[in-house]
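Please keep the sequence and the structure in view while reading.

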Amino acid sequence: MIDVLTSYTFLIVAIGTVILAFACGIVGTVSVIKGQSLIGDAIGHATFPGIIFAFMLVGVMETYTLALGAVIFGIFAFFTIQIITDSSKVTLDSALALILSSFFGLGMALKSYVQGHPGFSGTQGIDDYIFGQAAYMLRTDVYLIIIASVISLLLFMLFYSHIKIYVFDPIFSKSVGVNTGLMNFMILSMTIVLIAVGLKAVGAILIVNLLIAPGVIGLLWSNRFPMVLIIAGFSGAVSAFTGTYVSTVYAGFATGPSIILAMSILVLLSMVFGSKGLLHTHRKRNQGVVS
Amino acid sequence: MTRNIIEVSDLSVAYAHNPVIWHINLAVKANSRTAVVGPNGAGKSTLIKSIMNLNKPLSGKVEINGKKPKHALKNIAYVPQKGEVNWDFPTTVLDVVLMGRYVHKGWFKRMNKADVAAAMDALSTMKMEAFKDRQISELSGGQRQRVFLARAICHDADFYIMDEPLQGIDITTEKLIIDTIKALQAKGKSFLVVHHNLDTVEEYFDHVIILNKSVIAQGTIEEAWKKENIDKAYDDRSVTT
C-alpha cells in the first residue's frame, strides 16, 4: 500500500486531483457565499451529454475534444436556466432541477445508444465520466487539469479585491468601478471549465461537491474571506489526495465517491468542532455571548 | 447662487417596459443636504441608481459636476440600502471600511498603515472602533449603518449618496448619522439622501426633492416643503398601492 505513494502513475494522478480540488475549493467558495451552490450542480450534470456528443462526433475518447463538449454543454445549460427564469414564472430552483435531470437523462440515453451501437468502439470509458475514475486518467487529462486550475487561480488572485467587493456588496462595487458583469462571467467560466476538466477524475454527478464542500468547511472555521479561501483550498486538496489514494489502493472504489467521502468527513468534523461550529456556538450561548 | 453638483434632465427609466420614473428634471445644489422623499414605489431608489450609473435609462441625461456619472464616481461615496448587501459574507467591520480606500489606491496595491489609520479614524467618527474585529453579521441594524457611513467617510468623496440610511435603526444612531452629515457639510461636502420619515425632513435637511414617478416639487425647504406638494405626492391613489 505504501508502494502506491511512490508509484509514478499514482503521483501524476494525485497531482491532478489535488490541484483540481484546490482550485475548485477556492472558486466554488464564491458560489457558496452567493447562495448559488446548485447552479454548479446543474452545470455539472449537464456537461455529461456534452462528453458523449463530442465522442460521437470524433469517434475516440480524446481529452481535449471531450472537455470542449463538456464546456459547450455547461454554457448551454446555464443559458437555458437563465432563459427559463427570465421569461417564465418558473422559479430558479425548479429550473435548476429541470435542467439537471433532463440534461443528465439525455446523457444517459445517448450513453446507452452509443454503447449498444456496433459502430462505436472503446465506449466503456464513458462510464468513468459518471462517477470518476482517476486511475484511468491519461497524462493529457492531468495536463489539462493543471492548465485550467493554474489559469483560474491566477485570475482569481489578480482580481481578488474586485471579486471580494463584488460578492459582498454588488451595487457598491459597481459604484467604485468594478465591472460586475465581467466578474460574474469570470466566476461562471472558471466554474464551467473546472467542472469540464475534472469530470474524468470525479464524475458528473459528484463534481459539485468539490466546488461546494470546501467553501462550507472554510466558513465554519473563519470570519475572514482570505482565510476562508485558504482553508477551502486545502481541505479540497487533502480530500482529493486521500480519495485518490483509497481508490488506487482498493480496486472497485471509484475516485469521485472516495474523494467526496473524505470531504464529507471533514465537513462533519467542521460542523461539530469548527470555530463557528455546533460546540463553539453552544459554549458561547452558555456564556451568554450569543443570544 | 451656489452651483449645482448634479443636474438631471428629462430622465426616464423603465423596468420590463413599466415606466418607473419619467421626465425627471432636477438639480442638487453643491454643499446641500438634500432629501429625496416620496411614497413607496415612487422611484426614489431608481433615481439614485440612475444618478450612480447603475441602470440604463430610456432617455435623458445625468451630469455630476458637469461630467458623465461614469467619470465622476471617484467623487461619490455611496451608502447602499441594507438589503443590497450579502450579510453572510465572511468579513470584519474594519475590512468593510477599508473597501472605501480602493478608489484611491488602485485595485492591485495592498492596504498599508495609512489606509488602516484612515479607516480607524472613520470608525471613531461613527463610534465603532471597539467593533473593528467583529463579523458584520453580528451587528445590529444601527451598527451596520454606522459601518457603511464609516466606509463612505473613508472613501473621502465630495458627494455622498445614501439610500434610506435611517431605515430601521435606533435613535442614537439616527442622531449620530445626522450630526455627522452636518459636520461633513460644514467641511464642504454635499448630500443626497433618500428619506422616509416626513416628520423629520425639516429638521434634518435644507433642500428637498418630492418625487412620485416625476418631480412634484424641489428646492429649499422653505420653497418646496409645503402641504399642497406633500399631499399631491402622497394622496394620489392612482399611483400609490
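A crossing is called left-handed if the near helix is turned anticlockwise from the far one by less than a right angle, and right-handed if clockwise. Residues are numbered from 1 along each chain as its sequence is written, and chains are lettered from A and ligands numbered from 1 in the order in which they are written. This is a predicted model, in which local features need pLDDT of at least 70 and side-chain atom pairs count only at pLDDT 80 or more, while totals for chains, interfaces and linings use all residues.

Helices (H or I, at least four residues) and strands (E, at least two) are DSSP runs, numbered from the N terminus. Axes are lines fitted to C-alpha atoms, for helices over the stretch in contact, and angles run from 0 to 180 degrees between N-to-C directions.

| Helix pair | Angle | Axes apart |
|---|---|---|
| α5(B), residues 113-125, and α6(B), residues 141-155 | about 135° | 8 Å |
| α4(A), residues 63-87, and α5(A), residues 92-116 | about 145° | 9 Å |

In chain B, α5(B) passes α6(B) in a right-handed crossing. Residues are in contact if their C-beta atoms, placed from the backbone, lie within 7 Å, and here Ala118(B), Ala119(B), Ala122(B), Leu123(B) and Thr125(B) of α5(B) meet Ala150(B), Ile153(B) and Cys154(B) of α6(B).

In chain A, the crossing of α4(A) and α5(A) is also right-handed, and the residues that α4(A) brings to the contact include Phe73(A) and Ile84(A).

Between the chains, the contact takes 19 residues from chain B and 20 residues from chain A. On the chain B side, β5 (76-79) and α4 (102-105) each supply at least two residues.

Key
Contact = placed C-beta atoms within 7 Å.
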